[in-house]
Amino acid sequence: QLQLVESGGGLVQPGGSLRLSCVASVTSEFTFDYYAIGWFRQAPGKEREGVSCISTDGDNTKHTDSVKGRFTISRDNAKNTVYLQMNSLKPEDTAVYYCAAGLYSGTYLGEGPYEYWGQGTQVTVSS
């Protein structure tokens, strides 16, 4: 079992920055570093989309095209935490952001491999 809790969302002006955190509580035979982590987002009236993901050891990351160069994903396995640094935010980044964990190798932005999900944190980019 894995429980994920996101934090760091809020209201920010266009061009601003936020850092989201995803902290995991692990109660399974697999430690946190066995899980690849993804960040997803869902805007009102839209389907949930994969934003960024990171491999188990943090060496590989992937971002959707719309956030490349603006978002950075990282992880600290000693703290069971994954971060999403979001810079140069745009109104179209407004969404509920979710982190998810999956027992798989590599990086994948689709929802398929992710078994555990957090409750989400709201990010609103507006002037």
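This is a predicted model: local features need pLDDT of at least 70, side-chain atom pairs count only at pLDDT 80 or more; totals for chains, interfaces and linings use all residues.

Biologist: Is strand β9 mostly covered or uncovered?
Modeller: Mostly covered: β9, residues 95-102, has seven of its eight residues buried. Buried means under 20% relative accessible area, exposed over 50%, and partly exposed in between, with a 1.4 Å probe and protein chains only. Strands are DSSP runs of E with at least two residues, numbered from the N terminus.

Biologist: How many bridges join β4 to β9?
Modeller: Seven, and β4 (residues 36-42) runs antiparallel to β9. Two strands pair if DSSP finds at least two bridges between them. Within this pairing, Trp39 has Cys99 of β9 as its bridge partner.

Biologist: And how do β10 and β11 pair with β9?
Modeller: β11 (residues 121-125) pairs with β9 in the antiparallel sense over three bridges, with Val123 as the partner of Ala95.

Biologist: Switching to charges. How many salt bridges are there?
Modeller: Five. The criterion is a side-chain nitrogen of Lys or Arg within 4 Å of a carboxyl oxygen of Asp or Glu.

Biologist: What does Glu49 pair with?
Modeller: Arg41, with the closest N and O atoms 2.7 Å apart. Glu49 is partly exposed at 30% relative accessible area, whereas Arg41 is buried at 6%.

Biologist: Where does Asp93 sit relative to Arg41?
Modeller: They form a salt bridge, closest N and O atoms 2.9 Å apart. Asp93 lies in the loop between β8 (81-86) and β9, and Arg41 in strand β4, so the pair ties together parts that are 52 residues apart in sequence.

Biologist: Which other arginine does Asp93 meet?
Modeller: Arg70, at 2.7 Å from N to O. Arg70 is in the loop between β6 (61-63) and β7 (71-76), so this pair links parts that are 23 residues apart in sequence. Asp93 is buried at 1% relative accessibility, and Arg70 is buried at 10%.

Key
Residues are numbered from 1 along each chain as its sequence is written. Side-chain values use heavy atoms; hydrogens and water are left out. Helices (H or I, at least four residues) and strands (E, at least two) are DSSP runs, numbered from the N terminus.
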